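Notebook open, model loaded. I'm jotting down what I look up as I go.

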Amino acid sequence: MDRNQLTGILLIAALFIAFFYFTQPSEEERLTQKRKKDSLEQVYHQQAVERQQKAAEIENREQTIANDNANDSAKFAQITEKFGSFSKATVGKKKYITLENDLIKIKFSNLGGKPYSVQLKDYQTHDSLPLILFDGDSSVFGLKFHEEQNLKLYDITTDQLFFTPSESQPSIIVTNAVKTITYKLDAGNNRYIEFVYRLEPNSYMLDFEINIVGIKDIIAGNSSYIDLNWSYFVTGQEKGRDWENDNSTIYYKFYEDETDYLTERSEKESEELRTKVSWIAYKQQFFSSILISDNYFLNAQIDSEKVNNSKKHFKHFKSNIALPYKGSQKEKLDMRFYFGPNHYQTLSKYDIGIEKVIPLGWGIFGWVNRFAIIPIFNFLGSFMSNYGLIILILTILIKLVLFPLTYKSYVSSAKMRVMKPQLDELLKKIPKEKSMERQQKSMEYYKKVGVNPMGGCLPMVLQMPILIAMFRFFPSSIELRQKSFLWAEDLSTYDAIISWSAEIPLLSSFYGNHISLFTLLMTISTIIYTRINQQQMGDTSAQMPGMKYMMYLFPVMMLFWFNNYASGLSYYYFIANIITFAQMYAIKRFVDDKAILKKLSDTKKKPIKKSSFLAKLEKRAREQAKTNAKRKR
């Protein structure tokens, strides 16, 4: 190696040394690179962990799918074992079809082929929500029977099976003609159960038809009936939950016989209807769902139970109904549903007795409502829409009709009052201890002056049918529902002017957490009327001090009874009291106490004329006495 080559090598080495010296990173740059390296290593590690987790998830999913497939196979085997010929109908997806006219909107479900929910389009709840009679999975409706196959017995419940609908469109609107929806439950080999629903325009009635084809070889034994299970939880619609609860129950009508119902206020009430039944109604305060047979149901088991742990529902209605079954190749069962308001004219036009779900009272009280109050009320309603004024006019008309009885009652009270000083003077001669003798003397005196001590009570008794009829009419009148008057927002429920949420022992239980003003006014006016009436009688209750205070107890009790009642009823009684005060004032202006006293004094001077009946009794008594005397001889 010569000198030049060595020099070149040394220069190249020097250049490399200089390059690495001047290009080496600083301490700060080395730290930055280290951080980048560490970050990259962390990312690579995280990616590796994620790849492992994903691989594990894929493995678990594959195992789960394998297990699910095995479980589905087992479940399908169980379903087949449970539902027999209808096992294919256990698989499906819920789909809904709505059928509606101007009045109702019914939502049907292919699961069970049943009405899933019912909305009344012209009405709302007390808080302005759509009024739904029942909805969703809280309802049950379907046939139940036993299938006998290969010596095995299967319990078939159609409510748990998927039907095939005849329509694919989700909504059907009824305008000018009847619309039909059909749901078919196929059992194979041309065997099926079919539910047919028909809705007319402007009607609350839904026709319901069951067609049973080729099922006679499936149904076990020689069954003469098929069970129909119908139940749902009752949704609250009104402001007063307790009051609505006490006016909701199950009504039913025996075939060619009377209508009856379960007790409303029981926690749980059941009844086994052993004979034929025409219809069964799930009746709420103002609305009903009624299942009607065009022929009859064989029998039924009905149950009503209060629901205390729900804010939405307050009762559960349940029926197990036996439908007639002949075991033929083809059978048809015709029924109807009524989904609508408890409006007397609407219900009565069907002429099947379903209007009796409205509790208008029994006997004469119901007659007064059906043939007098309701026609007058509807007549007035055809001219005006203010139901406060309608009640006022109705009250005036009733008081005018009853005025002759009111007049007679006042005159009788006036007679008792003007003759009281003379009677008191007569009774002074008899010690107070001889109460029987004093009473006999009083009756003799009444008879002598020609006064009937019951004359003031009898007209009031004759007015009682109307008073009681009105007590039944107003809480049942759907016309008053959500109709306001003065401070009352809804005449069908209480008119609270003061409310509180705190539970006060005893008071909240017996009175409530509010004060109803019309009830308060009614109570005050009734107390005033009681006082005036006692004064008109001349305070004869002084002879029985206990009775005097009892007369005031009834109005006070009314304050507690009516606080949760319909404000329209309290308003009617208040107005009736005010009109009575006006009538009494007018009668007082025309009835002269002095003239009454003179007339009584003149009557007292006349000989007492015995009635023919009393004369016959006395004659018979004398003849009997003579006969007894002869026998003793």
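I started at Trp362, which counts as exposed at 67% relative accessibility; my cut-offs are buried under 20% relative accessible area, exposed over 50% and partly exposed in between, with a 1.4 Å probe and protein chains only. This is a predicted model, so I kept local features to pLDDT of at least 70 and side-chain atom pairs to pLDDT 80 or more, while totals for chains, interfaces and linings use all residues. I number residues from 1 along each chain as its sequence is written, and side-chain values use heavy atoms, with hydrogens and water left out.

Phe365 is buried at 13%. I then counted aromatic pairs and got 39 in the structure. For these, rings of Phe, Tyr and Trp (its six-membered ring) need centres within 6.5 Å; planes under 30 degrees apart are stacked, over 60 edge-to-face, the rest tilted. Trp362 and Phe365 make an edge-to-face pair, because their planes stand at 85° with the ring centres 5.3 Å apart. Phe377 and Tyr387 come out as tilted, since their planes are at 35° and their centres 5.7 Å apart. Phe377 sits in helix H5 (residues 363-381) and Tyr387 in helix H6 (residues 387-401), ten residues apart. My helices (H or I, at least four residues) and strands (E, at least two) are DSSP runs numbered from the N terminus. Both Phe377 and Tyr387 are buried.

**Charges over rings.** Here I want NZ of Lys or CZ of Arg within 6 Å of the ring centre and within 35 degrees of the ring normal. Lys184 lies over the face of Tyr192 at 4.2 Å from the ring centre. Lys276 has its charged end over the ring of Tyr296, 4.1 Å from the centre.

**The sheet.** I traced an open sheet of nine strands with antiparallel pairing, in the order E7-E9-E10-E11-E20-E17-E16-E13-E14; two strands pair if DSSP finds at least two bridges between them. E7 (164-165) and E14 (259-261) are the edges; each has a single partner strand, so one side of each lacks a neighbour in the sheet.

How many residues of strand E11 (residues 205-213) are buried? I get eight of its nine. E11 pairs with strand E10 (residues 191-199) over eight antiparallel bridges, and Leu199 has Leu206 as its bridge partner in E11. The two strands form a hairpin with five residues between them, and Asn202 in the turn has a positive phi of about 55°. E11 also pairs with E20, antiparallel, over nine bridges; there Asn211 is partnered by Lys332.

**Salt bridges.** I searched the whole structure and found nine, taking a side-chain nitrogen of Lys or Arg within 4 Å of a carboxyl oxygen of Asp or Glu. Lys332 meets Glu209 at 3.9 Å, N to O, linking strand E20 to strand E11 across 123 residues. Glu209 is buried at 8% relative accessibility. Arg198, Glu209 and Lys332 are linked in a network.

Next I checked Glu238 and Arg481, whose closest N and O atoms are 3.0 Å apart. They sit 243 residues apart, Glu238 in the loop between strand E12 (225-235) and helix H3 (241-245), Arg481 in the loop between H9 and strand E21 (496-499). Both are buried.

Last entry: Arg336 and Asp294 form a salt bridge at 3.3 Å, N to O. Arg336 is in E20 and Asp294 in E17, so the pair ties together parts 42 residues apart in sequence. Asp294 is partly exposed at 47%.
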